[in-house]
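Here is a short briefing on one protein model.

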Amino acid sequence: CRDAVESRAFDVVILALILGNTVLLCLDDPTASAEFASTSESLSTAFVLAFNVEAAMKLYVYRSGYFQDSWNALDLLVVIGSDVSIVAGFALGGKGSVVQGLRAFRVGRVLRLARYVTSLEVMINTLVVAVPGLLNATGLLGLVIFLYSCLGVGLFGTTAYGPEITESVNFQNFCNSAFLLLRAATGESWHLVMYAFASEQPGCTGEVQTPEKLQSDGPRGCGSAFAYPFFITFELLVVLVMMNLIIAVLVDSFSQVQQKRLLCFYSKQVDLFVEAWESKDKPFIGYLHLDVVADILLKIAPPVGFQGSKRKRVLHSMRPIRLFDGDTVHFRDVLMLCAQRGFLWLREEPERDIEKVRFQHDVLADWISLFPDVPFGDGYKEKEKPLLVAHFIIASHVHRFVDRKRIYWRIRRLAEEEEKQKQLQKRNQPQHLPIDIDSPPDAIADAFALLQDTGAGVGIFEDMLGTAQTVPIAALPPLPAFDLEVEPPSPALHLEVDMPNLSPLPWPPPMSRR
């Protein structure tokens, strides 16, 4: 049953019912025929029954946890009100003010749309969170209107009627003053009212009117120049200050709601990380291989995980974490890293500032106390430097660099040896040069100083036509003496070259051997 209630299909069905009920409310018309009214009432009852089934299923699944969600409480209130309106309608025959009043719960069903539309849910939650601040701002606004109403009665209570001053727009009593100032607060023709109270109306008098004359003759006083500072200061204070204060309260409430939503999302991501860790660490001992932790983080969305990122970014973010036994990390340190990343994510700050995030002392002490057997300290400040993920990253880079250099050196040595072998073979090959055997012996001796002996006491020549001729060496004149030094071939190249240890860490790193 829980799977059915929490499934996406269940939410889609409920959303379709809410939209259908909204359309039905839009079609309601008091001038409609009796047949249409009966059909509309039957459909409305069917919708209420469907919502009752939804509430019953969720109550059965979540039990007391059902009321932990304020939207569930609102849904149940709307359902109960709709049930009461249906029962009252059958009992009273669908007539009476009570039945009409209870029908208002039908409109409340439309509010359930906000639960399935994120933007509407945020706005409604903003209004709910802003209620205390709005009450305070409204109380301050009411105090300002109260002060100006009392001041208006004393200054303009006897001003004569005019085009803008009527029996309902005046300062003759507190109620009229308050309503006039509320109108001015909305900006409706307040400047015309100000000019009217500042100017002299026809037939006005500067004499002080007694209560008896006011009752008999009505207000006959003239306007006063105090109307200008009175209305201008009121508009500045109310419109520009108080209204902006109310807007500031709403903006702050919206920010709080957004922070709460993001915090709930972060909490769910942490739960996913804990579940993934527990699935790999059975029974739970708190230690996992660095490769396994990186795989877990790559499957979880930010800010806890690194879904969509490369593996080297995960290792780069984990560089301050301590390594145990050369290649394992502890649950405590990884979750602290997730908390630091989540803090920056909530504040919309770059992740490169993660090392600047510091925990509160009491919170950090409580968290560390949960793992008393696990050493804790700042790896960059401890006297005995522990092995960190950063050390592994550096060692891995060095190891790959040395491997690349070894390959480069091997290729270069092989190329040099191959070039030497080619030169040696070229110098050891017999010389075949075209000559004319009828030439004088001196010319032959000068042209062929590098004559090769075949070992049979004869030399190999090619005549001018390209035909090979064999000439006895003894028949040639003596050649000048020369020494031909041939470099012996190099020994076979050993591909395995012993390299010095370039790092104080275990070489090569344990993880790079895999």
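The protein exposes about 32,200 Å². Carbon and sulfur atoms supply 62% of that area. The model is predicted. Buried residues account for 32% of the 514 residues.

**Fold and contacts**
- The protein has 17 helices and four strands.
- Among contacts with a separation of 6 or more, 66% join residues 24 or more positions apart.

**Nonpolar surface patch**
- L192, Y195, Y228, I232, L236, L237, L240 and V241 form a nonpolar patch on the surface.
- Together these residues have about 680 Å² of accessible area.
- Helices α9 (190-198) and α11 (227-280) each supply at least two residues of the patch.
- The largest share, six residues, comes from α11.
- Y195 sits in helix α9.
- Y195 counts as partly exposed because its relative accessible area is 44%, between the 20% and 50% cut-offs.

**Nonpolar cores**
- The largest nonpolar core has 33 residues; F273, L290, V293, L297, M318, V329 and V389 touch the most other members.
- Elements giving two or more residues to this core are α11, α12 (290-298), α13 (311-317), α14 (331-346) and α16 (389-428).
- α14 gives the most to this core, with six residues.
- Leaving out residues up to four places away in sequence, L297 touches F273, V304, G305, F306, Q307, V314, M318 and C338.
- Another core, of 24 residues, lies apart from the largest one; its members include L141, I165, V193 and F234.
- In soluble globular proteins, nonpolar side chains tend to be buried together.

Note on methods. Residues are numbered from 1 along each chain as its sequence is written. This is a predicted model: local features need pLDDT of at least 70, side-chain atom pairs count only at pLDDT 80 or more; totals for chains, interfaces and linings use all residues. Side-chain values use heavy atoms; hydrogens and water are left out. Buried means under 20% relative accessible area, exposed over 50%, partly exposed in between (1.4 Å probe, protein chains only). Contact means heavy atoms within 4.5 Å. Accessible areas come from the Shrake-Rupley method with a 1.4 Å probe; for residues, only the protein chains shown count as cover. Patches are made of residues with over 30% relative accessible area and no salt bridge: like charges are joined within 9 Å, nonpolar side chains (Val, Leu, Ile, Met, Phe, Trp, Tyr) within 5 Å. A salt bridge is a side-chain nitrogen of Lys or Arg within 4 Å of a carboxyl oxygen of Asp or Glu. A nonpolar core is a set of buried Ala, Val, Leu, Ile, Met, Phe, Trp, Tyr and Cys residues joined through side-chain atoms within 4.5 Å.
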